[in-house]
Amino acid sequence: MKARVHVTLKSGVLDPQGKAIEHALGSLGFSGVGHVRQGKVIELDLVETDRAKAEASVDAMCKKLLANTVIENYAIELEG
Amino acid sequence: MRSAVIVFPGSNCDRDIAVALQQITGGPVHMVWHKETHLPDVDFIALPGGFSYGDYLRSGAMAARSPIMREVVSRASDGGPTLGVCNGFQVLTETGLLPGALMRNADLHFVCRDVGLRVENADSIFTNAYKAGQEITIPVAHHDGNYFADSETLDRLEGEGRVAFRYLDNPNGSARDIAGILNTKGNVLGMMPHPERLIEPAQSGFGGGTDGRRLFESLLNALVTA
């Protein structure tokens, strides 16, 4: 089973990189773009075949390492 | 006073802080590799600056989960004096020993220069050789020094006198100009500026002085007379 973890900054946490991307898009002529937020995607291959167990396990990974829940939110997608 | 300096792959201020500790405390300094699982019998632990694990995932995130950190967290939780400078501060927040997080500098620039700080708390084991309200100069060199915590946490830090240092001219966007914070018991300090980089006149090529020296003298006062 594949897991994809999306890690994003919590709303209310300033995202200077998102701001810089927004600014660059503006200077490239893309108008009407606002509130750009960036994050990261982490993909994992899991041996686990049980969906609920896989999700619980990835959730624990997120809390322990993959996300810093002081500043970040995470979302888990499972495939297969 | 016996010290341990934890060395991670990518630490680059470990020698500097070891020299500062040797010169000022006169005691032995053990360099402890991150893969070790036991700390020597020491009075003080330092987490140095640098770019542990290349800042992969988040600054300090991988280092905070390395084998030696279990022992560091356990000693620090039991009241063991522990200092994290720059990357060391990031590691301390990632372990949860200190609240909040250090984010990318607000203007996205790496900042490397002497900065002015105000000593907010001069009663700690790290700051007793300064005077409360004293303005000092210490260099910073970081990309991720923008201190963030929710307003409740910030209020608590301020209310409990746990803001040790504040920037006079905020170089990175840190909430409430915070440059360094203490844990509840006051035995753990994390700070972005590098006191070990201004301990002797030879280091103050830009006229910065030797204000970092007092931090190590504070430890000596507190830990040797204790």
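How many residue pairs in polar contact does the rule find across the interface of chain A and chain B? The points below take up this question and then the sheets of each chain.

1. Basis of the note. This is a predicted model, in which local features need pLDDT of at least 70 and side-chain atom pairs count only at pLDDT 80 or more, while totals for chains, interfaces and linings use all residues. Residues are numbered from 1 along each chain as its sequence is written, chains are lettered from A and ligands numbered from 1 in the order in which they are written, and side-chain values use heavy atoms, with hydrogens and water left out.

2. Polar contacts at the interface. The rule finds five residue pairs in polar contact between chain A and chain B, both residues being at pLDDT 80 or more. A polar contact is a pair of N or O atoms within 3.5 Å; within protein, one must be able to donate a hydrogen and the other to accept it, and residues adjacent in sequence count only if both atoms are side-chain atoms. On the side of chain A that touches chain B, the elements giving two or more residues are α1 (16-27), β2 (39-45) and α2 (51-66) of chain A. Helices (H or I, at least four residues) and strands (E, at least two) are DSSP runs, numbered from the N terminus.

3. Extent of the interface. In contact (heavy atoms within 4.5 Å) are 16 residues of chain A and 14 residues of chain B. The two chains bury about 1,200 Å² between them, 68% of it on carbon and sulfur atoms; buried area is the accessible area (1.4 Å probe) that two parts lose on being put together, summed over both.

4. Salt bridges. A salt bridge is a side-chain nitrogen of Lys or Arg within 4 Å of a carboxyl oxygen of Asp or Glu. Across the interface of chain A and chain B the rule finds one: A:Glu72 with B:Arg58, with 3.7 Å between the closest N and O atoms. Over all chains, the search finds 20 salt bridges. Among them is the pair A:Asp45 and A:Lys2, at 3.0 Å from N to O. A:Asp45 lies in strand β2 of chain A and A:Lys2 in strand β1 (residues 2-9) of chain A, so this pair ties together parts that are 43 residues apart in sequence.

5. The sheet of chain A. Three strands form an open antiparallel sheet in the order β2-β1-β3; strands pair if DSSP finds at least two bridges between them. Both β2 and β3 (72-79) of chain A stand at the edges with a single partner strand each, so one side of each is left without a neighbour in the sheet. Eight bridges join β1(A) and β3(A), and A:Glu72 in β3(A) is the bridge partner of A:Leu9.

6. The sheet of chain B. Nine strands form an open sheet of mixed pairing, in the order β2-β1-β3-β4-β11-β10-β9-β6-β7. Strands β4 (residues 82-85) and β11 (residues 188-191) of chain B run parallel and are joined by four bridges, with B:Thr82 opposite B:Val188.
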